[in-house]
Structure formats: structure tokens, C-alpha cells
Amino acid sequence: MLLSSLTSLMLLTSEETNMWKLEEEKAEHMPIGYEIVFPSLLEIAEHMGIEVPNDSPAIKEIYAHRALKFKKIPKEVLHSVPTGLLYSLEGLRDLEWEKLLKLQFKDGSFFWSPSSTAYAFMQTNDEKCLKFLNDVVEKFNGAVPNICPVDTFEHIWALDRLQRLGISRYFEPEMKYFEPEMKDRVTGPWGFDRLAVFSSFDGYMGI
């Protein structure tokens with residue numbers, strides 16, 4: 001992490017920042033929630049006195065994507081129902097944690113995101129967040145994936161695609177097979193609703 005942070009600072013403070021490479025990146029290849037977290041990191045860098053090339057077309061496009069997400073999911077919605085923004089809380093500011101903790105997943109995470117959950121723990125000292133993080137570190141022997149459990153995410157993603165294509169009725173046995181797994185891992189205070197879980201991905205993760 002220290003090496004990554006140092007490398008990022010070197011890139012941002014150098015004349016050749018490689019920002020032009022962002023223009024060549026395809027949206028589907030970008031990390032989940034990139035348009036939420038990256039602008040936040042740039043703003044932190046600016047507050048540290050680091051000059052950031054905000055006039056770059058790629059940067060402007062990322063900010064435009066973030067504005068679109070905030071328009072689709074305003075803060076009052078973010079604090080009241082589970083949405084994809086729970087995956088990128090570390091990129092958000094002025095959050096009402098008492099409300100957000102009510103949207104916490106059964107395993108203690110926020111949308112299975114270790115980084116989002118770590119940020120939530122930093123802000124709240126919530127024991128469920130800490131347990132989730134410790135479990136992930138122990139399971140992967142010190143390494144941390146960008147989403148955990150990966151298998152549940154992949155199952156929901158696949159089932160979601162079938163539903164959006166309008167062919168899920170042909171795969172009802174498979175969907176019912178994975179439903180107990182999703183119910184066990186996803187259920188929060190809002191109860192379990194397969195459609196609600198799917199819809200929280202809508203328009204968020206590069207779709």
C-alpha cells in the first residue's frame with residue numbers, strides 16, 4: 001500500500017502524469033465504482049497542494065459520470081435503501097452513518113466491498129465491519145480482493161444478466177438453487193428481495 005501511494009504521488013507531481021491514458025481506457029475495463037472514488041482521490045490530492053490536470057477530457061468525463069450517478073441516486077436515497085453506491089462509500093463525503101449502518105449486509109460488509117467497509121469502520125468503529133475485514137484477511141492469507149465473497153457476486157451478476165435479457169424464466173431451477181446462498185449473505189434489515197438485490201446493480205457497475 002505504501003509503494004502504491006508513493007507511486008501515485010510521484011505520478012501526480014510529475015509533469016508527465018499519463019492522464020492521457022485514461023482517454024484510451026474502455027468503461028467496461030475500469031474498476032467498479034471508479035467514477036466515484038477517483039474524483040474523491042483527486043480532490044484529496046488538490047487539498048494536499050498537488051496540482052491535478054482537471055482540464056483533461058478524460059477527467060472531465062469521469063466527473064460527468066459521477067454527476068450522473070449522484071443524479072440517479074441522490075443522498076436521501078443512498079441513506080434509505082440499498083444501492084450500488086454502498087460499494088464506494090470511501091469516495092463519498094458528509095455521510096449519515098447512523099442511517100447507513102442500517103443498510104449493512106448480514107456479513108458486516110457494505111455491498112461486499114472491503115474498501116467501503118474499511119472506510120465505514122474508520123468512521124464508526126462498528127464491530128461487524130471489523131469482523132468482516134478480519135475474516136477476509138484471514139481467508140486470503142493477508143491479501144484482500146476488491147469484492148468478497150467473489151462467488152456470490154459472480155452468481156448474482158450472472159442471474160441479473162439473465163433477468164435483464166428477459167430469459168430468466170428458462171433458468172428458474174438455477175435461480176432457485178442459488179437463492180438460499182443470496183438470502184444468507186445479502187439479507188439486511190430491509191429483508192430479502194431478489195429483484196431488489198439485482199436492481200441495486202442497475203446503471204452502477206459499468207452497465
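In this chain, residues 24 or more positions apart account for 59% of the contacts with a separation of 6 or more, a contact being heavy atoms within 4.5 Å. Before I go on, the sources. This is a predicted model, where local features need pLDDT of at least 70, side-chain atom pairs count only at pLDDT 80 or more, and totals for chains, interfaces and linings use all residues. Residues are numbered from 1 along each chain as its sequence is written, and side-chain values use heavy atoms, with hydrogens and water left out.

Now the overall make-up. There are 10 helices and 0 strands; helices are DSSP runs of H or I with at least four residues, strands are runs of E with at least two, and both are numbered from the N terminus. The chain has 207 residues, and 39% of them count as buried.

Next, helix α2, which covers residues 34–47. Which residues does Val37 touch, leaving out those up to four places away in sequence? They are Ser88, Glu90 and Gly91. Val37 itself lies in helix α2. Between Val37 and Glu90 there are 53 residues of separation along the chain, yet their C-alpha atoms are 6.7 Å apart. Why does Val37 count as buried? Because its relative accessibility is 18%, and buried means under 20% relative accessible area, exposed over 50%, partly exposed in between, with a 1.4 Å probe and protein chains only.

Leu41 is also found in helix α2. With a 1.4 Å probe, the Shrake-Rupley method gives the accessible areas, and for residues only the protein chains shown count as cover. By that method the chain exposes about 12,400 Å², of which carbon and sulfur atoms supply 58%.
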